[in-house]
Amino acid sequence: MSTSSLVDNSLVAQYALQLGDDALILSQRLSEWCAHSPELEEDVALANLALDLLGQARTLLTYAGTLEGRGRSEDDLAFLRTEREFRNVLLVEQPNGDFAVTIARQLYFATYQYELYTALRESTDAEFAGLAAKAVKEVAYHRDHAVQWTLRLGDGTEESHRRMQEGLDLLWPYTAELFAADSVALALAETGVAVDPRTLRPAWEASIAAVIEAATLTMPGGSWQPRGGRAGEHTEGFGLLVGEMQALHRQFPGAAW
Amino acid sequence: MSTGLPLWEVFIRSRRGLSHQHVGSVHASDAEMALRNARDLYTRRGEGVSIWVVPAAQVSASSPDEKEPFFDPAADKTYRHPTFYRIPEGVKNL
């Protein structure tokens, strides 16, 4: 709130919505593993990651609702927006696939979030700086979880190696959007509120390359770079995800327990 | 659910100055993953400052059949028990 007099509140609200939706949608995807993981222990581990992300989403959506000034709560934003109104990147909404695909998504996204929150701790916006300082510890663990599994699947059996490589290759195109020159982030980066996404790429790529090499895997490539999530243009499975996420709230408005 | 991964016994130290206590067990492919699984299962609510994991196969256990020779003789030698001291007032943790 400290910068509200200098910065366009609606821009800050949009940025909070972008980061909040990233966390919310990935949380929802990870929750789908609950009771379906290869091991009971992994069930709990993935649910823990999902809960961390949900906590981040709550803070960010609440902040977005406050700045927006239309009286919308975190629940209104999560459960009453339509598909096209979500601002998350395409990577986080990609289906879970097999366990290796989920781990690939986690590796890409947690490493990105780690770099993002590390930088966002210096934000001139006290709300973002506070959230980042707390969340960076959570996502450091998320990254470690993904790294440990990538190493074991990559350097495991022939089949685990193949699946891990396929997971990395499948999701690689969606990583470009993480570092795209988004107009909201760029405008806010000028005043130090947001982080210029482009600046995060070198550290992210170095970190990913080191893990992939240690896991005896191959760095993916290719020039296809789908994007559109920040503009509300989502991929095929997103409608189902949103429908499932919102079903309870829409049937029983204000349900609580 | 189980895929036959090795079992690990988990010990948690809840705070500095106390010893590690056995809290349960987890399945994991190796020690590092066992530590992480234990962290997720047993320290989610701030229960610990330190975790040990030990391969369950490495634990040697006393046999229930040996219960009498192992434990019964300890009961009838009252002089072994520190029950003959008067505890000064105000002493805690005895």
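1. Helices are DSSP runs of H or I with at least four residues, strands are runs of E with at least two, and both are numbered from the N terminus. This is a predicted model, in which local features need pLDDT of at least 70 and side-chain atom pairs count only at pLDDT 80 or more, while totals for chains, interfaces and linings use all residues. Residues are numbered from 1 along each chain as its sequence is written, and chains are lettered from A in the order in which they are written.

2. The structure holds 5 cavities of 30 Å³ or more. A cavity is a set of points on a 1 Å grid over the protein atoms alone where a 1.4 Å probe fits but cannot get out, and its lining residues have an atom within 4 Å of a point. Points are joined across faces, edges and corners, and a volume is the space filled by probe spheres set on them.

3. The volume of the largest cavity is about 60 Å³. Its lining includes A:E39, A:E41, A:E42 and A:W149 from chain A, and B:L5, B:H27 and B:M33 from chain B. Two or more lining residues come from each of α2 (40-68) of chain A and α1 (31-42) of chain B.

4. The second largest cavity contains about 40 Å³ of space. Among its lining residues are A:A45, A:Y141, A:H145, B:R36 and B:D40. At least two lining residues each are supplied by α2 and α6 (126-154) of chain A and by α1 of chain B; α1(B) gives the largest share, 4 residues.

Notes. Heavy atoms only, no water. 1 Å grid on protein atoms, 1.4 Å probe; cavity = no way out; pocket = protein on both sides within 12 Å on 5 of 7 lines; lining within 4 Å.
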